[in-house]
Amino acid sequence: MLRGWPRSCARFFADTEAFLMKNAKVKLCLQASPMDGSLLLEDCNPESDFQDWSWQGDSLMNHGTQSCLSVAEADRVQTSLCGSTGYMSWDCSNSLLSPLGSSQGYLVANKKGVALNNVRGLKAQWQDVANRSVCEEKAEQDRYFTAALASTHMYDPTTGNVTLALGIDQVELEELLWFFRREDPSTWNYSILALSFVAMILGLLLLSINVVRNRKRKIHMYREAEQTVQEAELEAKQALMSVQEYSLAEPQKQEPVPQDQRSGEVVVQWKDGTVTSLYAERSEDAT
(Lines give C-alpha, C1' and ligand atoms only; values in the text may rest on other atoms or scores of the structure.)
Protein backbone atom coordinates (compact mmCIF):
# COMPACT_ATOMS: atom_id res chain seq x y z
CA MET A 1 0.00 0.00 0.00
CA LEU A 2 2.93 2.34 0.60
CA ARG A 3 3.91 2.20 -3.07
CA GLY A 4 0.56 3.60 -4.03
CA TRP A 5 0.81 6.62 -1.71
CA PRO A 6 0.07 9.71 -3.80
CA ARG A 7 2.77 12.32 -3.80
CA SER A 8 0.32 15.18 -3.56
CA CYS A 9 -1.10 13.75 -0.30
CA ALA A 10 2.40 13.34 1.07
CA ARG A 11 3.10 16.95 0.22
CA PHE A 12 -0.10 17.87 2.02
CA PHE A 13 1.19 16.59 5.37
CA ALA A 14 4.65 18.00 4.77
CA ASP A 15 3.36 21.45 3.91
CA THR A 16 0.89 21.74 6.80
CA GLU A 17 2.02 24.81 8.70
CA ALA A 18 1.98 24.93 12.47
CA PHE A 19 0.36 27.79 14.35
CA LEU A 20 0.12 29.07 17.90
CA MET A 21 -3.15 28.82 19.82
CA LYS A 22 -3.43 32.14 21.67
CA ASN A 23 -6.42 32.81 23.87
CA ALA A 24 -8.19 36.04 22.97
CA LYS A 25 -8.86 36.90 26.63
CA VAL A 26 -5.66 36.14 28.58
CA LYS A 27 -3.32 36.64 25.58
CA LEU A 28 -1.38 33.47 26.48
CA CYS A 29 -0.63 30.51 24.25
CA LEU A 30 -1.60 26.88 24.74
CA GLN A 31 1.48 24.76 25.53
CA ALA A 32 1.68 20.97 25.89
CA SER A 33 3.77 19.41 28.65
CA PRO A 34 6.14 16.63 27.48
CA MET A 35 6.00 14.94 30.89
CA ASP A 36 2.38 14.14 31.73
CA GLY A 37 0.38 15.45 28.78
CA SER A 38 -1.05 18.37 30.73
CA LEU A 39 -1.80 21.72 29.09
CA LEU A 40 -0.46 25.08 30.24
CA LEU A 41 -0.97 28.71 29.32
CA GLU A 42 2.40 30.40 28.81
CA ASP A 43 3.79 33.48 27.12
CA CYS A 44 3.71 33.01 23.37
CA ASN A 45 7.00 31.74 21.97
CA PRO A 46 7.09 30.97 18.23
CA GLU A 47 10.38 29.10 18.73
CA SER A 48 8.85 26.51 21.07
CA ASP A 49 7.70 23.27 19.43
CA PHE A 50 5.44 22.59 22.41
CA GLN A 51 3.33 25.61 21.41
CA ASP A 52 3.07 24.59 17.75
CA TRP A 53 -0.24 23.05 16.74
CA SER A 54 -1.61 21.92 13.40
CA TRP A 55 -4.85 20.49 12.11
CA GLN A 56 -4.67 16.82 11.12
CA GLY A 57 -8.14 16.35 9.73
CA ASP A 58 -10.43 17.12 12.68
CA SER A 59 -7.64 16.57 15.26
CA LEU A 60 -5.28 19.14 16.74
CA MET A 61 -1.74 17.76 16.99
CA ASN A 62 1.08 19.27 19.03
CA HIS A 63 4.39 19.24 17.15
CA GLY A 64 6.53 19.07 20.31
CA THR A 65 4.93 15.97 21.80
CA GLN A 66 3.47 14.51 18.59
CA SER A 67 0.24 13.96 20.54
CA CYS A 68 -3.30 15.15 19.96
CA LEU A 69 -5.64 17.33 21.97
CA SER A 70 -8.13 15.09 23.77
CA VAL A 71 -10.69 15.05 26.56
CA ALA A 72 -9.57 13.03 29.59
CA GLU A 73 -12.57 13.39 31.93
CA ALA A 74 -15.82 15.33 32.11
CA ASP A 75 -14.19 18.72 31.67
CA ARG A 76 -10.44 18.09 31.77
CA VAL A 77 -8.43 18.47 28.57
CA GLN A 78 -4.96 17.09 27.93
CA THR A 79 -2.82 15.60 25.17
CA SER A 80 -2.60 11.89 24.45
CA LEU A 81 -1.31 9.66 21.70
CA CYS A 82 -3.17 10.24 18.48
CA GLY A 83 -5.59 7.41 17.85
CA SER A 84 -6.05 6.40 21.50
CA THR A 85 -9.38 6.48 23.31
CA GLY A 86 -11.04 9.78 24.01
CA TYR A 87 -12.33 12.68 21.97
CA MET A 88 -9.67 13.34 19.36
CA SER A 89 -11.85 15.19 16.89
CA TRP A 90 -12.88 18.81 17.39
CA ASP A 91 -15.65 20.82 15.87
CA CYS A 92 -14.61 24.33 14.93
CA SER A 93 -17.41 26.81 14.36
CA ASN A 94 -17.81 30.51 15.10
CA SER A 95 -14.18 30.61 16.35
CA LEU A 96 -15.09 28.12 19.12
CA LEU A 97 -13.62 24.65 19.68
CA SER A 98 -15.75 21.82 21.05
CA PRO A 99 -15.40 18.02 21.06
CA LEU A 100 -16.94 16.58 17.93
CA GLY A 101 -20.15 14.68 18.64
CA SER A 102 -20.35 15.82 22.26
CA SER A 103 -22.13 18.52 24.22
CA GLN A 104 -19.51 18.93 26.94
CA GLY A 105 -18.90 22.58 26.12
CA TYR A 106 -16.12 24.61 24.57
CA LEU A 107 -12.37 24.79 25.09
CA VAL A 108 -11.99 27.67 27.58
CA ALA A 109 -8.99 29.23 29.30
CA ASN A 110 -9.02 29.41 33.11
CA LYS A 111 -6.60 29.99 35.98
CA LYS A 112 -5.38 26.39 36.02
CA GLY A 113 -4.96 26.13 32.26
CA VAL A 114 -7.75 25.01 29.98
CA ALA A 115 -10.99 23.09 30.47
CA LEU A 116 -14.37 22.50 28.88
CA ASN A 117 -17.07 25.03 29.70
CA ASN A 118 -20.24 26.41 28.17
CA VAL A 119 -18.85 29.97 28.20
CA ARG A 120 -18.90 31.63 24.76
CA GLY A 121 -16.89 34.78 25.50
CA LEU A 122 -13.32 35.71 24.66
CA LYS A 123 -12.03 32.96 26.93
CA ALA A 124 -13.38 30.43 24.44
CA GLN A 125 -11.81 32.04 21.37
CA TRP A 126 -8.42 30.84 20.12
CA GLN A 127 -6.30 32.69 17.61
CA ASP A 128 -2.86 32.52 16.02
CA VAL A 129 -0.15 35.19 16.34
CA ALA A 130 -1.82 37.16 13.54
CA ASN A 131 -5.08 37.22 15.54
CA ARG A 132 -6.69 34.92 12.99
CA SER A 133 -9.05 32.27 14.34
CA VAL A 134 -7.84 28.67 14.39
CA CYS A 135 -11.05 27.84 12.58
CA GLU A 136 -9.75 29.81 9.63
CA GLU A 137 -6.59 27.70 9.78
CA LYS A 138 -8.74 24.58 9.54
CA ALA A 139 -10.78 25.98 6.65
CA GLU A 140 -7.60 26.82 4.76
CA GLN A 141 -6.24 23.35 5.36
CA ASP A 142 -9.48 21.75 4.19
CA ARG A 143 -9.27 23.71 0.96
CA TYR A 144 -5.69 22.59 0.47
CA PHE A 145 -6.67 19.00 1.24
CA THR A 146 -9.49 19.12 -1.33
CA ALA A 147 -7.08 20.46 -3.93
CA ALA A 148 -4.62 17.67 -3.13
CA LEU A 149 -7.30 15.05 -3.60
CA ALA A 150 -8.49 16.66 -6.81
CA SER A 151 -4.97 16.54 -8.24
CA THR A 152 -4.93 12.73 -7.85
CA HIS A 153 -8.28 12.17 -9.57
CA MET A 154 -8.90 11.53 -13.19
CA TYR A 155 -12.23 11.21 -14.88
CA ASP A 156 -13.08 8.09 -16.86
CA PRO A 157 -15.73 9.11 -19.44
CA THR A 158 -16.63 5.50 -20.23
CA THR A 159 -17.72 4.69 -16.71
CA GLY A 160 -18.44 8.11 -15.32
CA ASN A 161 -16.58 7.21 -12.14
CA VAL A 162 -13.87 9.21 -10.44
CA THR A 163 -10.78 7.06 -9.80
CA LEU A 164 -7.22 7.73 -8.72
CA ALA A 165 -4.37 8.02 -11.20
CA LEU A 166 -2.48 5.24 -9.41
CA GLY A 167 -5.39 2.82 -9.41
CA ILE A 168 -6.53 3.44 -5.81
CA ASP A 169 -10.12 4.18 -5.06
CA GLN A 170 -11.39 6.85 -2.68
CA VAL A 171 -11.91 4.48 0.29
CA GLU A 172 -8.35 3.16 0.19
CA LEU A 173 -6.99 6.70 -0.06
CA GLU A 174 -8.94 7.79 3.01
CA GLU A 175 -7.67 4.74 4.90
CA LEU A 176 -4.12 5.67 3.96
CA LEU A 177 -4.64 9.24 5.07
CA TRP A 178 -6.06 8.11 8.39
CA PHE A 179 -3.22 5.61 8.88
CA PHE A 180 -0.47 8.18 8.42
CA ARG A 181 -2.35 10.74 10.49
CA ARG A 182 -2.61 8.49 13.54
CA GLU A 183 0.76 6.76 13.22
CA ASP A 184 2.16 6.08 16.70
CA PRO A 185 5.58 7.73 17.19
CA SER A 186 6.12 6.09 20.60
CA THR A 187 8.77 3.67 19.26
CA TRP A 188 10.89 6.53 17.99
CA ASN A 189 10.39 8.49 21.20
CA TYR A 190 11.41 5.52 23.34
CA SER A 191 14.49 4.95 21.17
CA ILE A 192 15.60 8.55 21.57
CA LEU A 193 14.95 8.31 25.32
CA ALA A 194 17.09 5.16 25.56
CA LEU A 195 19.92 6.77 23.59
CA SER A 196 19.75 9.84 25.83
CA PHE A 197 19.96 7.61 28.92
CA VAL A 198 23.00 5.77 27.52
CA ALA A 199 24.69 9.08 26.66
CA MET A 200 24.02 10.35 30.19
CA ILE A 201 25.53 7.19 31.76
CA LEU A 202 28.59 7.45 29.50
CA GLY A 203 29.03 11.11 30.42
CA LEU A 204 28.82 10.34 34.14
CA LEU A 205 31.38 7.52 33.73
CA LEU A 206 33.84 9.80 31.93
CA LEU A 207 33.31 12.48 34.57
CA SER A 208 34.04 10.07 37.43
CA ILE A 209 37.20 8.81 35.70
CA ASN A 210 38.40 12.38 35.21
CA VAL A 211 37.73 13.23 38.87
CA VAL A 212 39.68 10.17 40.11
CA ARG A 213 42.65 10.94 37.85
CA ASN A 214 42.77 14.56 38.95
CA ARG A 215 42.67 13.49 42.60
CA LYS A 216 45.55 11.02 42.10
CA ARG A 217 47.58 13.64 40.26
CA LYS A 218 47.11 16.15 43.09
CA ILE A 219 48.11 13.55 45.72
CA HIS A 220 51.25 12.67 43.72
CA MET A 221 52.22 16.35 43.38
CA TYR A 222 51.66 16.88 47.14
CA ARG A 223 53.90 13.95 48.02
CA GLU A 224 56.65 15.16 45.70
CA ALA A 225 56.51 18.63 47.25
CA GLU A 226 56.60 17.15 50.76
CA GLN A 227 59.59 14.98 49.88
CA THR A 228 61.42 17.97 48.41
CA VAL A 229 60.87 19.97 51.60
CA GLN A 230 62.13 17.09 53.75
CA GLU A 231 65.28 16.75 51.63
CA ALA A 232 65.95 20.48 51.91
CA GLU A 233 65.55 20.36 55.70
CA LEU A 234 67.91 17.35 55.90
CA GLU A 235 70.56 19.12 53.84
CA ALA A 236 70.29 22.20 56.05
CA LYS A 237 70.72 20.08 59.21
CA GLN A 238 73.77 18.31 57.77
CA ALA A 239 75.41 21.63 56.86
CA LEU A 240 74.78 22.98 60.37
CA MET A 241 76.31 19.86 61.98
CA SER A 242 79.43 20.17 59.79
CA VAL A 243 79.93 23.78 60.92
CA GLN A 244 79.55 22.78 64.59
CA GLU A 245 82.05 19.90 64.29
CA TYR A 246 84.55 22.19 62.62
CA SER A 247 84.28 24.77 65.37
CA LEU A 248 84.80 22.10 68.06
CA ALA A 249 87.89 20.73 66.30
CA GLU A 250 89.80 24.08 66.42
CA PRO A 251 92.91 23.96 68.65
CA GLN A 252 92.68 25.59 72.03
CA LYS A 253 94.39 28.86 72.42
CA GLN A 254 97.86 28.78 74.06
CA GLU A 255 98.08 30.02 77.56
CA PRO A 256 99.69 33.39 77.85
CA VAL A 257 103.38 33.53 78.64
CA PRO A 258 104.06 34.55 82.25
CA GLN A 259 104.78 38.21 82.58
CA ASP A 260 108.12 37.57 84.42
CA GLN A 261 109.57 35.60 81.53
CA ARG A 262 112.55 37.30 80.04
CA SER A 263 113.23 37.79 76.37
CA GLY A 264 115.04 34.82 74.85
CA GLU A 265 114.34 32.59 77.82
CA VAL A 266 113.02 29.09 77.15
CA VAL A 267 110.24 28.07 79.52
CA VAL A 268 109.01 24.47 80.02
CA GLN A 269 105.68 23.58 81.55
CA TRP A 270 105.69 20.20 83.26
CA LYS A 271 102.81 17.75 83.72
CA ASP A 272 102.32 18.78 87.32
CA GLY A 273 101.75 22.31 86.16
CA THR A 274 105.10 23.81 87.27
CA VAL A 275 106.88 26.11 84.89
CA THR A 276 110.69 26.27 84.91
CA SER A 277 113.30 27.93 82.77
CA LEU A 278 115.36 25.53 80.71
CA TYR A 279 118.64 27.40 80.79
CA ALA A 280 118.29 29.29 84.01
CA GLU A 281 120.77 27.15 86.08
CA ARG A 282 123.43 27.07 83.41
CA SER A 283 123.37 30.78 83.09
CA GLU A 284 123.88 31.11 86.86
CA ASP A 285 126.87 28.65 86.80
CA ALA A 286 128.46 30.62 84.03
CA THR A 287 128.53 33.69 86.19
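**View 1. Isoleucine 201 sits in helix α4, which spans residues 186-248.** The model shown in every view is predicted. Isoleucine 201 is partly exposed, and its relative accessible area is 40%. This residue belongs to a nonpolar surface patch formed by Phe197, Val198, Met200, Ile201, Leu204, Leu207 and Val211. Together these residues have about 660 Å² of accessible area.

**View 2. Residues 188-212 carry the annotation "transmembrane region" in an unreviewed UniProt entry.** In the predicted model, this span is 100% helix and 0% strand.

**View 3. Strands β6 and β7 form a hairpin.** Strand β6 covers residues 67-71, and strand β7 covers residues 77-81. Between the two strands there are 5 residues. The strands run antiparallel and are joined by 5 bridges. Within this pairing, serine 70 is opposite glutamine 78 of β7. Of the 5 residues in β7, 4 are buried, so the strand is largely enclosed by the rest of the structure.

**View 4. Cysteine 68 and cysteine 82 are joined by a disulfide.** A disulfide is a covalent bond between the sulfur atoms of two cysteines. For cysteine 68 and cysteine 82, the S to S distance is 2.0 Å. The torsion about their S-S bond is about 95°, so this disulfide is right-handed. Cysteine 68 is in strand β6, while cysteine 82 is in the loop between β7 and β8, and the two are 14 residues apart. Both cysteine 68 and cysteine 82 are buried.

**View 5. A disulfide connects cysteine 29 with cysteine 44.** Their sulfur atoms are 1.9 Å apart. The link is right-handed, with 90° about the S-S bond. Cysteine 44, in contrast, is partly exposed, with a relative accessible area of 32%.

**View 6. Cysteine 92 is joined to cysteine 135 by a disulfide.** The S to S distance in this pair is 1.7 Å. The torsion about the S-S bond is about -110°, so the disulfide of cysteine 92 and cysteine 135 is left-handed. Cysteine 92 is part of strand β8, and cysteine 135 is part of helix α2 (residues 134-152), so the pair ties together parts that are 43 residues apart in sequence. Cysteine 92 counts as buried at 17% relative accessibility, and cysteine 135 counts as buried at 15%. A search of the whole structure finds 3 disulfides. With bonded cysteines counted along the chain, the disulfides follow the pattern 1-2, 3-4, 5-6.

**View 7. Aspartate 58 lies in a loop between two strands, β4 and β5.** Strand β4 covers residues 53-56, and strand β5 covers residues 59-62. Is aspartate 58 buried or partly exposed? Aspartate 58 is partly exposed, with a relative accessible area of 31%. How far apart in space are aspartate 58 and leucine 100? From C-alpha to C-alpha, they are 8.4 Å apart, while in sequence they are 42 residues apart.

Terms used: Residues numbered from 1 in each chain as written. Predicted model: local features only at pLDDT ≥ 70, side-chain atom pairs only at ≥ 80, totals over all residues. Heavy atoms only, no water. UniProt positions renumbered as here; feature names shortened; annotations may be inferred. Buried < 20%, exposed > 50% of the residue type's maximum accessible area, 1.4 Å probe, protein only. Pairing = 2+ DSSP bridges. Patch = residues over 30% accessible without salt bridge, like charges linked within 9 Å, V, L, I, M, F, W, Y side chains within 5 Å. Areas by Shrake-Rupley, 256 points an atom, 1.4 Å probe, with all protein chains shown as cover. Salt bridge = Lys/Arg side-chain N within 4 Å of Asp/Glu carboxyl O. Disulfide = S-S within 2.5 Å.
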